[in-house]
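Here are some notes for someone opening this entry for the first time. Please read them with the view open.

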Amino acid sequence: MGNIDFSTGQVLTAAQLNDIGAWKSWTPTLTNWTKGNATLNAKYMQVGETIYYQLYYLGGSTSSYTTGGMRFSLPVTESTDLQYQPTGVGWVRPNAAGTIYSCFGVEVGGNVLLYAQRNTTVNFSFNDVCDSSTPATWQTSGSYADVFIQGWYKSQ
């Protein structure tokens, strides 16, 4: 339904009231990872100018991962005055039988770029973009890789 005007004196229709906070599905465009036969469940809702989203991905045998940073497109055009804003938190598991890494997303030109935290020693950790080998090698057989992220951002 889009952006609803909540200013003084505006009258909302029943359809607009029912739409506030309703989750809708969207199909994000993936960059530097190929869905293949993976399961992808992406939903969002809009309240005013704020967009909330959730994305769950479970890789499959024909999924693939490349270098350059895994990204997915946003469901609604973002505000151009807030480029490179942190926009979500979640986890990635490059091998579904292995370690779960915390991740966060950064909005970059209409996409969310995934970063994962990698522990290299007991006292030190750093963040790096997710790709075919970061934070670990992404599985395409056996126990498939999965991703969950949820977040929010300002729309235009």
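Is Cys-130 buried or exposed? Cys-130 counts as buried, because its relative accessibility is 0%. Please keep in mind that this is a predicted model.

1. Overall make-up. The protein chain contains one helix and twelve strands. Along the principal axes, the C-alpha atoms fill a box of roughly 55 × 35 × 25 Å. Of the 156 residues in the protein chain, 37% are buried.

2. Cysteines. The structure has zero disulfides. A disulfide is a covalent bond between the sulfur atoms of two cysteines. For Cys-103, the closest cysteine sulfur belongs to Cys-130 and is 6.0 Å away, which is too far for a bond; the cut-off applied here is 2.5 Å.

3. Salt bridge. How many salt bridges does the count come to? The count comes to one salt bridge. Asp-146 and Arg-93 form this pair, and their closest N and O atoms are 2.8 Å apart. Asp-146 belongs to strand E12 (residues 146–154) and Arg-93 to strand E8 (residues 86–93), so the pair ties together parts of the chain that lie 53 residues apart in sequence. Asp-146 counts as buried, because its relative accessibility is 2%. Side chains of opposite charge can pair when their charged atoms come close.

4. Strand pairing around E4. Strand E4 (residues 39–47) runs antiparallel to E1, and two bridges join them. One of the bridge pairs is Lys-24 with Tyr-44 in E4. E4 is also joined to strand E5 (residues 50–58), by nine bridges and again in antiparallel fashion. Here Val-47 has Thr-50 in E5 as its bridge partner. E4 and E5 make a hairpin with two residues between them, and Gly-48 in the turn has a positive phi of about 60°.

5. Nonpolar core. Which residues have the most contacts inside the largest nonpolar core? They are Trp-33 and Phe-72, in a core of 26 residues. The elements that give two or more residues to this core are E4, E5, strand E9 (101–108), strand E10 (111–121) and E12. E5 gives the most, with four residues. In soluble globular proteins, nonpolar side chains tend to be buried together.

6. Nonpolar surface patch. Some nonpolar side chains lie on the surface instead: Phe-6, Leu-17, Ile-20, Trp-23, Val-47, Tyr-52 and Trp-152 form a patch there. Together they have about 690 Å² of accessible area. Ile-20, one of these residues, sits in the loop between helix H1 (14–19) and strand E1 (24–25). Ile-20 counts as partly exposed because its relative accessibility is 32%. Val-47 is in this patch and is also the bridge partner of Thr-50 described in point 4.

7. Backbone points to check. Most residues other than glycine have a negative phi, and most peptide bonds are trans. Two places depart from this. Asn-32 has a positive phi, near 70°, and is not a glycine. Asn-32 lies in the loop between strand E2 (30–31) and strand E3 (33–34), and counts as partly exposed because its relative accessibility is 23%. The peptide bond from Thr-134 to Pro-135 is cis, with omega near 5°. Pro-135 is placed in the loop between strand E11 (124–129) and E12.

Conventions
Residues numbered from 1 in each chain as written. Predicted model: local features only at pLDDT ≥ 70, side-chain atom pairs only at ≥ 80, totals over all residues. Heavy atoms only, no water. Patch = residues over 30% accessible without salt bridge, like charges linked within 9 Å, V, L, I, M, F, W, Y side chains within 5 Å. Areas by Shrake-Rupley, 256 points an atom, 1.4 Å probe, with all protein chains shown as cover. Salt bridge = Lys/Arg side-chain N within 4 Å of Asp/Glu carboxyl O. Buried < 20%, exposed > 50% of the residue type's maximum accessible area, 1.4 Å probe, protein only. Pairing = 2+ DSSP bridges. Core = buried A, V, L, I, M, F, W, Y, C linked by side-chain atoms within 4.5 Å.
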